[in-house]
Every structure is written in structure tokens, then in C-alpha cells.
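Here is a short report on one protein chain. Keep the structure open while you read.

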Amino acid sequence: MSFHLACVGCGTTYDGLKLRYRCDCGETLDVIHDLERLKGTLSTATFDARRISRDRLDKSGVWRFRELILDVAPEHVVTKPEGNTNLYDAPRVASWVGLDALALKHEGENPTGSFKDRGMTGGVTAAKRLGATRVACASTGNTSASMASYAAQAGMEALVFIPDGEIAYGKLSQALAYGARTAQISGDFDKAMELVQDLCNDEGIYLLNSVNPFRIEGQKAIGFEILQDLGWQVPDWIVLPGGNLGNNSALSKGMAELYALGLIDKLPRMAVVQAAGANPLYKAFAAETVELERVSAKTLATAIQIGNPVSWKKSIRGLLALDGVVTEVTDQEILDAKAQVDGQGIGAEPASCATVAGIKRLVAEGVIAPDAHVVGILTGNLLKDPDIVVGYHKSTLEGFTSTYANAPTRIGSTLADVKAWLEG
Ligand SMILES: *Cc1c(COP(=O)(O)O)cnc(C)c1O
Ligand SMILES: [Zn+2]
């Protein structure tokens, strides 16, 4: 194996592919690739050649970068393929946030509608390599949708634990449709997360939350693909939402690896955006504390409604390495940003639009310069959470202002009715 695992806290190392998610000390683990051995063997030209190849692994926006993801035999790889998402130019959103230009990487265009597919192809591949027949996760929705789909593809049983009543319908319907055994527990996401870790340890079920280090490896490919989209030009900023904090940990890890390999000559800065009602990282980072204090999370962006994020240590380490910042935005700001993203014809779920709300804040505060080269990551698809969309445009979301409402009008059924509506 050309990689091993190392503890984020105490540094203890473990052999590569093992049924283990945490160090004996309780901290999370990193996959450490042998970068010295890889140095000089990889080039951006190789990745570009693979992008137009028809090979099963090359076609995946994750496995195209396989040397930096997971060293396994091709027959073990469970891929759909994933990635290859669009990087949209969003001029109207740019002017709304106060930037000259803004590019949005739409991870909601992955096979199950969120970036979770990039991590899941890594996690389920590790599960297959280890011979697992059952996989499990706690989820605010997208992880379960993705896991259920990849498990079905690989012929594994999927066990899903979701918080009661706090999951968007698009996501719940996917888990059910793909055949996952689904339990709605009477508790929040953080409770579900604790339960599933205990269950997996007791029963030898393979855990596929982002505490699983192989999920983080797959998610690094979002950053790789952004750079590839940009012809390997490094943007000034990459901005993304933070919930359980796996994704921003992955992004910074991947960038640091490319830099160490000499494939890029500078690092982007990173901004992580949290909902004000679920902001433990924002608080810890602002206070420069070494411990993260869990909060009781409440936001209508349910994908980031997490008060006790698993990957907070990796997240802070990555923020420091990329000269990063953390900001927070209100649900009202998220909703208005979402109306802008949707209105540009792009469209994304609420948590994704925290990205754009956060950029607006950081530009207003002078942290991001108006002429900076900024890439925002949209994490999930518009169709994941239709209730919020319709509620916003019909102005029925209690406690919120539908600033950019586009409500449907009820009219009669004659041509005259239609013409009156058209002119009115
Ligand atoms: C999971 C998820 C997030 C949060 O990502 P973390 O890695 O948990 O920080 C944000 N947006 C969407 C749509 C998600 O599904
Ligand atoms: Zn340790």
C-alpha cells in the first residue's frame, strides 16, 4: 500500500486499509499518501488526458485523480461515474454580492444530486475492498441518499439514521427509493451520529459518515476538478458551506497535496460559511480557541444543521494552512442568496447558497476584494428541498421575508383571462 493512516491528534500511524475510523485515542484519522514516491510521476497533462479518455476510472471526476484518492485495484472501484460538474459563470450573482465576476462549481450535478457522491465512491470502494456487506450512516439527508445509491450499486445493505422531521423530502425519498433500511430516530443529527458510531463498532458494520477517512479522500477531487476546469490556474478564494466540516477539510488537504507535489505554485485561500444557527466552527475560529464547543443547531439549511461537527480539528488545521476565514450568515441571508442563485438559472438547495450569502458578507467586510478571482461551491441540487422553494416564493415561510418572491398567480381559463394576466 502506498498510504497509511495517521491520527490528527496524537500522530499514531496505522496500516492503510483497515476497518478503523478513529485512533485509539478517539481522534479522527487522515489518509497519508506517499507524496515523495509520487513526486515527478504525476502531471496535470496526465489528468487532462484522462478527462477525455473513455476508460471507466478516467471518466470519473474522482478516480481520474486516483493516485491521490485511494490505491486499490480497478475492480474494487464502485463508480457511477461521479463529478464532471459544471463550473458556471454567474454574472448577476456576482454583481449582487459585489464582485466583478463569480464562478460557481455545481456539485448538485453529481449522480444523486450532491457532492456527497465524490466521498461516497471513495467510502464504498473501501467497503468493497474490505469485504463489507453492510454499510451505515447518520445523515441530514444527502449522505444517506448517496450511500443508499452506491450501496445498491455494490449490492450492499444500507442502514440509514436520520433525525426526526428535519430532513428535506427530496433526500428522504431517495434513501427510501434506493432501498436503504431507514430509521428516523427521536433526536437531532448529532444524536444520530453518536448512535451510528456505537452501532458500527459493536456490529462490525462499515461506517460511511465523513469520519471515514476515505470519504474525505474522494471529496478532495472537488478542488482538483475546479483547478482542472480553470486550466490549473489557482483562484484567490474557494468558498463553501460548513456542517460536519468534512468537505472543507478535504478541500484544504487536497490543495496542500497538489502544492507539495509541485502541481500548483500557490494555494488558494478558503472561506467556510456556517449558518448563524449552527455555527460552532465560526465561534471557535473567531475566539482562537483550541476546543470546539458544541451548539444546539437550528437552521432551515438542514444539510448544515450540525452542532457537534466530527471533522473540526481537520477543518481548523486546513483553514490555518490556506490562510482561511470562517463567516456566518442568517437564514434570511441564505434564502435571499438562494433566490439569486436560482434566478440566475443555476439553482441549488439552501445550504449551498450559504456559500453565496457568505461571499456577500466577506466582500462587504472587505475580506474578499471586488476584483478577486472567487470560486463558490454549490453543494446540493435545487430539487432536494422543494418545500423551501415553494414556501419562499409563496411567502409562507414563517418568520422570513420573501424579498425576491416569484409567486404563481391563480387565473381563469379563458384566453381573455390569460391576456389580462399577461398585461397585468
Ligand atoms: C453535507 C452537506 C454540506 C456540509 O458539508 P460538510 O462536509 O458536512 O461540512 C453542505 N451542503 C450540502 C448540500 C450537504 O449535503
Ligand atoms: Zn490518536
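Aspartate 323 has a relative accessibility of 46%, so this residue counts as partly exposed, a class that runs between 20% and 50%. The model is predicted. Aspartate 323 sits in the loop between helix 11 (312-321) and strand 12. Its phi is positive, near 50°, although the residue is not glycine.

Asparagine 84 is another non-glycine residue with positive phi, near 55°. Asparagine 84 belongs to the loop between helix 2 and strand 4. Its relative accessible area is 36%, which makes it partly exposed.

| Residue | Phi | Relative accessible area |
|---|---|---|
| Asparagine 84 | near 55° | 36% |
| Aspartate 323 | near 50° | 46% |

The loop between helix 2 (44-51) and strand 4 also holds proline 81. The peptide bond that leads from lysine 80 into proline 81 is cis, and its omega is near 5°.

Strand 4 pairs with strand 5 (residues 103-106) in the antiparallel sense, over 3 bridges. Within this pair, tyrosine 88 has leucine 104 of strand 5 as its bridge partner.

**Two helix contacts**

How do helix 12 and helix 13 cross, and within what distance do their axes come? The axes of helix 12 (residues 331-343) and helix 13 come within 7 Å and cross at roughly 100°. Helix 12 is therefore roughly perpendicular to helix 13. Helix 12 contributes Glu333, Ile334, Ala337, Lys338 and Val341 to the contact. Helix 13 contributes Pro350, Cys353, Ala354, Val356, Ala357 and Arg361. By class, the contact has 8 nonpolar, no polar and 3 charged residues.

Helix 6 (residues 169-177) has Gly170, Lys171, Leu172, Gln174 and Ala175 buried. These buried residues pack against helix 5 (142-154), strand 7 (157-163) and strand 8 (181-185). Glycine 179 follows helix 6, and its phi is positive, near 90°.

Terms used
Residues are numbered from 1 along each chain as its sequence is written. Chains are lettered from A and ligands numbered from 1 in the order in which they are written. This is a predicted model: local features need pLDDT of at least 70, side-chain atom pairs count only at pLDDT 80 or more; totals for chains, interfaces and linings use all residues. Side-chain values use heavy atoms; hydrogens and water are left out. Two strands pair if DSSP finds at least two bridges between them. Helices (H or I, at least four residues) and strands (E, at least two) are DSSP runs, numbered from the N terminus. Buried means under 20% relative accessible area, exposed over 50%, partly exposed in between (1.4 Å probe, protein chains only). Contact means heavy atoms within 4.5 Å. Axes are lines fitted to C-alpha atoms, for helices over the stretch in contact, and angles run from 0 to 180 degrees between N-to-C directions. Angles under 35 degrees count as roughly parallel, over 145 as roughly antiparallel, 65 to 115 as roughly perpendicular and the rest as oblique. Ala, Val, Leu, Ile, Met, Phe, Trp, Tyr, Cys and Pro count as nonpolar, Asp, Glu, Lys and Arg as charged, and the others, Gly among them, as polar.
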